[in-house]
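Open the model in your viewer and keep the selection tool at hand.

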Amino acid sequence: MNQNTTDQFFKNPVLGHPAGLFVLFFTEMWERFSYYGMRALLVLFLTSTIAKGGWAWSVEDALALYGTYTMSVYFTPVVGGFLADRYLGYRWAVIFGALAMTIGHASMAIETPLFLYIGIGCLIVGNGLFKPNMTSIISNAYSSHPEKKDGAYSLYYMGVNAGAFLGIMLCGYIGEKISWSWGFGLAGIFMFFGMLQFYFTQNIFGTIGLKPTVASKQASKDKEALENTPANIIRDRIIAVLIFSFFTVFFWAAFEQAGGSMTIFAEKFTQRELFGNSASIFKIVDALLTIVPLLVITYVLFKLFSQTFKEYPKGNSILSISFVIIWGIVLWKVGREYYSLETEVPSTWFGILNSLFIVVFAPVFSKWWESKYNLSGPMKFGLGLTLLGLGFGFLAYGSMGINPDSVVRVSMFWLIAAYLFHTLGELCISPVGLSYVSKLVPATWIGIMFGVYYLFIGMGNKLAGSMGGMIETITSQYSLTTFFLIFTVVSIGAGLLMIILSPFMKKLMHGVK
């Protein structure tokens, strides 16, 4: 990557990082809004009764489709990364991917079997083009500043989860309370805004992410550098990436229960009806949880505007319109719930906790990773898996005494505690994994290897759907506690194994920190 290009990218800093990082922040935010908004609704929609507007599928069938979908959106980045590396360039891959996902969400809003599968197909293709190439742009932009990559990916991940927070909260609420179609359709509207914002602001990246023909000279330099690197070091670092990727399978197979078995647990076994003072307190807390994070994100938006609005008025205007609409929907939701006579916490509401905790803790972890107390990559992975397992420990304990025919509904505390520990574990693995792939992989392989990394995440997602679909079988034969204990033991065991492998991993990484 040309030094002048990265220097240009690092002009006009926002919160200590380039303004261009926050263009990616908001583009990814809307993409995650659409993805997690749809994900929050899919299983509930499929398993809800006909009377409630759903399709009355079995839990096993719904989670099988869910697992196949979440697996596929991580498999296609291998192809998307290859196409971007060789033909499209990262920017056009992102734009085409966002357009395909917009069409996908619009199709799902029609609510027929044919358009459901068309929509899911478009989402899978679009995600394959979008996901690896957003992270590839960051990797290229920070090529001359590797010491800031962990912090940059953590801030970027804050944008990811800001979108997930808003998507689950708004699409989930509208889908459950108003109409499934409106919930699915809202996801598509903001995906379209994200595409337009990126398209009209893309020049902020300089030459980063252009078609390969434009950057052919630089590619030649990268190849030459690759040839001058000892073959054993390239080999060892690739092995390290594959080991990291293998452990992500365990993480995501457990973590993605959030969209499946944990949603079922929230719907069937969690006390969600509130009365009296409890209802009043929840309404206040829910309003604060809705408005305060949005205020924080809006503050970031204004910081970006202060640096880029004059130069990129179209992209920033589109971003402004999208936030005006979001604020309108949020204020409508808060007002509607405040005056409602009944208070029942939506099943999808618990999903926002993960994103909320990310927004709160991502800056803390970003500072930690940039401090003298920073942990090595393998230690971060081990810690993350252990924290994930502890989160399932809360669910295992909280579900004691529940059986398939049980009318017992347990406190919301167990789900809240689980989401907190899952989030802390996620912060140790997901953004850090992206950062280490970018550090360990040769420059000319970035797009493809990000695709390979996502391929392993896809395996974890498919396992999540398959294992989550066994919740009723395991609960009937053993107990619900046994179901959650499986994830507790496997996650902690994988975490301890990664910690033991840490010295070996450091050798494979050859000085990459």
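Is glutamate 28 buried or exposed? Select glutamate 28: with a relative accessibility of 4%, this residue counts as buried (buried means under 20% relative accessible area, exposed over 50%, partly exposed in between, with a 1.4 Å probe and protein chains only).

Before moving on, a word on the model: it is predicted, so local features need pLDDT of at least 70 and side-chain atom pairs count only at pLDDT 80 or more, while totals for chains, interfaces and linings use all residues. Residues are numbered from 1 along each chain as its sequence is written, and side-chain values use heavy atoms, with hydrogens and water left out.

**First stop: helix α2**

Arginine 32 forms a salt bridge with glutamate 28, and the closest N and O atoms are 3.7 Å apart (a salt bridge is a side-chain nitrogen of Lys or Arg within 4 Å of a carboxyl oxygen of Asp or Glu). Both residues sit in helix α2 (residues 19–47), 4 residues apart, or about one turn of the helix (helices are DSSP runs of H or I with at least four residues, strands are runs of E with at least two, numbered from the N terminus). Arginine 32 is buried too, at 2% relative accessibility.

**Second stop: helices α12 and α13**

Select lysine 333 and aspartate 286 next. Their side chains meet in a salt bridge at 3.0 Å, N to O. This pair links distant parts of the chain, 47 residues apart: lysine 333 is in helix α13 (residues 313–338) and aspartate 286 in helix α12 (residues 276–308). Lysine 333 is buried at 3%, and aspartate 286 is buried at 7%.

Go to glutamate 344 and arginine 272, whose side chains form a salt bridge of 3.8 Å, N to O. Glutamate 344 lies in strand β4 (residues 343–344) and arginine 272 in the loop between α11 (261–269) and β3 (273–274), so the pair ties together parts 72 residues apart in sequence. Glutamate 344 is partly exposed at 34%, whereas arginine 272 is buried at 8%. Across the whole structure, a search finds 6 salt bridges.

**Last stop: the cysteines**

How many disulfides are there? The count is 0, taking a disulfide as a pair of cysteine sulfur atoms within 2.5 Å. Select cysteine 171: the nearest cysteine sulfur, that of cysteine 122, is 18 Å away. Cysteine 171 is buried, at 0% relative accessible area, and cysteine 428 is likewise buried at 0%.
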